[in-house]
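Have a look at the picture first, and then read on.

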Amino acid sequence: MDRDLAVLLLIIAFRGGVPFLVFRWQFAGGLLCILADASDSILQDALGAEPLKGHYHLVDKSFDTYYLLFEAIVAYRWADPLARWAAVGLFALRAGGVVFYELTEIRGTFVVTPNVFENFYLFVAGLRTIDPGYRIPSWRWLVAMVVFVGAPKVLQEYVMHYREAATWHFVKENILMWR
Amino acid sequence: MIRGYLRCSGRERIRRVAIVVMIVAVAYVPGGVALAMLLSSAD
């Protein structure tokens with residue numbers, strides 16, 4: 001089989017299949033979605049193939065929104081209304097940002113519509129894994145949680161999407177020392 | 001709140017600590033990498 005096609009099928013299998021795990025394990029499944037998200041760049045680099053060449057960002061953003069949708073469905077079933085509606089609102093903000101960016105290609109879009117949803121989802125899903133009856137105590141707590149998980153995400157979005165820095169290459173060359 | 005969650009025994013406490021560490025790491029490791037890129041002008 002052609003190497004590009006094999007890598008493409010692997011990427012589709014990982015990124016298409018892993019999100020189903022959040023229905024069984026909402027926290028661990030969410031973490032595996034992050035690994036699957038990183039897998040496309042790693043697979044392409046490790047196997048020396050570029051099946052997504054020229055279309056990488058569109059495919060990546062589509063698969064990102066796809067797995068976030070699975071997490072949003074799980075969050076929509078949470079009994080705690082504060083956690084549920086905050087999660088749904090943050091997902092809507094992000095999904096709207098993705099659509100707006102695809103229509104306008106304005107780079108700053110993701111800085112004002114950061115993916116705070118994913119960090120918030122994992123925060124609540126993690127606490128619910130420890131205590132299935134977990135509820136956010138108050139609006140004040142909700143705001144503190146969103147700020148806690150959102151601040152580093154805004155910085156990350158600024159570097160990745162506004163400055164268009166190649167994060168994976170930085171990690172590969174400066175942290176993993178993989179050259 | 002965290003202290004309350006960790007009020008349990010042995011293996012369960014390790015599992016809960018691991019979950020809390022993962023929650024913080026997921027939010028702050030990528031943010032830390034982004035900060036490192038900014039400070040090192042690697043971007």
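## Before we start

This is a predicted model: local features need pLDDT of at least 70, side-chain atom pairs count only at pLDDT 80 or more, and totals for chains, interfaces and linings use all residues. Residues are numbered from 1 along each chain as its sequence is written, while chains are lettered from A and ligands numbered from 1 in the order in which they are written.

Where pLDDT is low, the predicted coordinates should not be read in detail.

## Chain A as a whole

Chain A has 8 helices and 0 strands. Here helices (H or I, at least four residues) and strands (E, at least two) are DSSP runs, numbered from the N terminus. The radius of gyration of chain A is 17 Å, close to the 16 Å that the globule rule gives for 179 residues, so chain A is as compact as a globular protein of that length. That radius is taken over C-alpha atoms, and the rule is 2.2 Å times the number of residues to the power 0.38.

Along the principal axes, the C-alpha atoms of chain A fill a box of roughly 55 × 35 × 35 Å. Of its 179 residues, 34% count as buried. A residue is buried if 20 or more other C-beta atoms lie within 10 Å of its own, exposed if 12 or fewer, and partly exposed in between, with C-beta atoms placed from the backbone.

## Where the chains meet

Contact means that the C-beta atoms of two residues, placed from the backbone, lie within 7 Å. Chain A brings 23 residues to the contact and chain B brings 17. On the side of chain A that touches chain B, the largest share, 7 residues, comes from H7(A). That side divides into 14 nonpolar, 6 polar and 3 charged residues. For this count, Ala, Val, Leu, Ile, Met, Phe, Trp, Tyr, Cys and Pro are nonpolar, Asp, Glu, Lys and Arg are charged, and the others, Gly among them, are polar.

H6(A) is mostly covered, with 13 of its 15 residues buried. Its end C-alpha atoms are 22 Å apart, which agrees with the 21 Å that 15 residues should span at 1.5 Å a residue; the expected span is 1.5 Å times one less than the number of residues.

H7(A) bends by about 35° at A:Gly150, and a proline, A:Pro152, follows within four residues. The bend is the angle between axes fitted to the seven residues ending there and the seven starting there. What covers the buried residues of H7(A) includes H5, H6 and H8 of chain A, together with H2 of chain B.

## H2 of chain B

Which residue marks the bend in H2(B)? H2(B) bends by about 35° at B:Ala25. Its buried residues include B:Ile23, B:Val26 and B:Pro30. Just after H2(B), B:Ser41 takes a positive phi of about 55°.
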